[in-house]
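The sequence and the structure come first, followed by the description.

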Amino acid sequence: MSLTGEQVQAIKATVPVVKEHGAAITKEFYSTLLHDVSDLNNIFNHANQVRGHQAEALANALYAYAANIDNLGALGPAVSKISQKHASLYIQESQYDIVGEYLLKAMGTILGSALTPPILDAWTAAYKQLADIMIKMEKDMLREAGDWTGWRDFEIAKKVKEAQYITSFYLKPKDKKALPRFLPGQYVSVQTDVPDLHYLQSRQYSMSSAPNKDYYRITVKKEEAPNVGEAVAPTHPGYISTVLHDRKEVGDVLQVSFPRGDFCLDASKTIDYPVVLISAGVGLTPLVSILETLAEKKHTAPVSWIHGTRNSKLQAFGDHVRDLQEDLSNLRIRLFNHEDDKQTSYDFVGRVNLDKLDPEKELHLSNGRTEYRVCGPGSFMTDVKQTLIGMGVEEGKVKIEVFGTALLSQD
């Protein structure tokens, strides 16, 4: 359903209002929605609710939608990423109606008489327009999964400690059926119960191995998360990551989604150009999947592995990446350690700094076909991407992986 010209103008007129009151609207929205419709607590990330990240991100998204209501193409990449995540969570069409009802109700509560009938009608139409776009995209994605139509039970076949606080989980389907091949760099959603919360929670984890038919490997860092019920929100071990690390053992069952995401390298095509993989911390996981795949394909073009970590205890897959040089003769590895702890080999002390790298042998800046994949904390990815663009790299050649509430607040 397209908006009328009058509705478009009404939405654009509310841009300053949404900018000023968006946070209050979304805070009211989540508070009322999750109180009244308790089943949705199984979908929304509780940690982000406690921190306020979810409300802040949705406020930014409302503002971006209003500001671009006459140029929705500008929001295309962000909408696609959100739809990928929704498909991995098996969001239902009926849930869009519930969310729309409570969002508009929250606007009325916060804005009062300023939400006149024409403005309410315009926002109702605008929400339906966006919901219809996303519902269609998600239905198309679900069709691609064939008979994998919902959460699928997987057993933990193996747990392997990769570094301090970082563990790999090898997951095999209980039904013993062959797994569809994912694209290196994609992720799955993992759902399990969280006893402290008394409902289910799910998180997205990148696959950290090359595609195979027998298992999916995810690699999880034990994170800190806000304490349940604490107003000041001090930290305690994270919900899902702690459940996985401390409570889930070999033989236990997790629910897993069909692989999703567009942060990938299509290895079915000929890759005869340089690939530069840049990561920080546990952000290396999808890049390990890509690197393993390139090694399996005996990729002959140059590959650069650039990784930063806080200290040697947190450096995962270090030996494994070095072993892959046997199959990737043109692989160059450059490691940054924030702390000069001298406990393992690394090339630079400090955070990842592209200025310290060889512009041709390691960054391949003069080759216009070079592909860059960047994964890590949000600020890290933004800085690296802007640095590469400043060095002359075409923006479309740099892909970053965004999870969580950052999906809603992308420009």
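## Burial and contacts

This is a predicted model. Of the 411 residues in the protein chain, 52% are buried. Here a residue counts as buried when its relative accessible area is under 20%.

Among contacts in the protein chain between residues at least 6 apart in sequence, those that join residues at least 24 apart account for 73%.

## Overall build

The protein chain contains eleven helices and 14 strands. Its radius of gyration is 22 Å, close to the 22 Å given by the globule rule for 411 residues, so the protein chain is as compact as a globular protein of that length.

Taken along the principal axes, the box filled by the C-alpha atoms is roughly 65 × 50 × 45 Å.

## Surface and charge

The protein chain has an accessible surface of about 19,000 Å². Carbon and sulfur atoms contribute 50% of that surface.

The protein chain carries 45 positive and 52 negative charges.

Strands of a sheet pair through backbone hydrogen bonds, in either a parallel or an antiparallel way. In this protein, six strands form an open sheet with parallel pairing, in the order S12-S11-S10-S9-S13-S14. At the edges are strand S12 (348–349) and strand S14 (398–400), each of which pairs on one side only.

Within the sheet, strand S9 (residues 275–280) runs parallel to strand S13 (residues 371–375), and five bridges join them.

Terms used:
Residues numbered from 1 in each chain as written. Predicted model: local features only at pLDDT ≥ 70, side-chain atom pairs only at ≥ 80, totals over all residues. Heavy atoms only, no water. Helix = DSSP H or I, 4+ residues; strand = E, 2+ residues; numbered from the N terminus. Rg over C-alpha atoms; globule rule 2.2 N^0.38 Å. Buried < 20%, exposed > 50% of the residue type's maximum accessible area, 1.4 Å probe, protein only. Contact = heavy atoms within 4.5 Å. Areas by Shrake-Rupley, 256 points an atom, 1.4 Å probe, with all protein chains shown as cover. Lys, Arg positive; Asp, Glu negative; His and termini not counted. Charge placed at Lys NZ, Arg CZ, Asp CG, Glu CD. Pairing = 2+ DSSP bridges.
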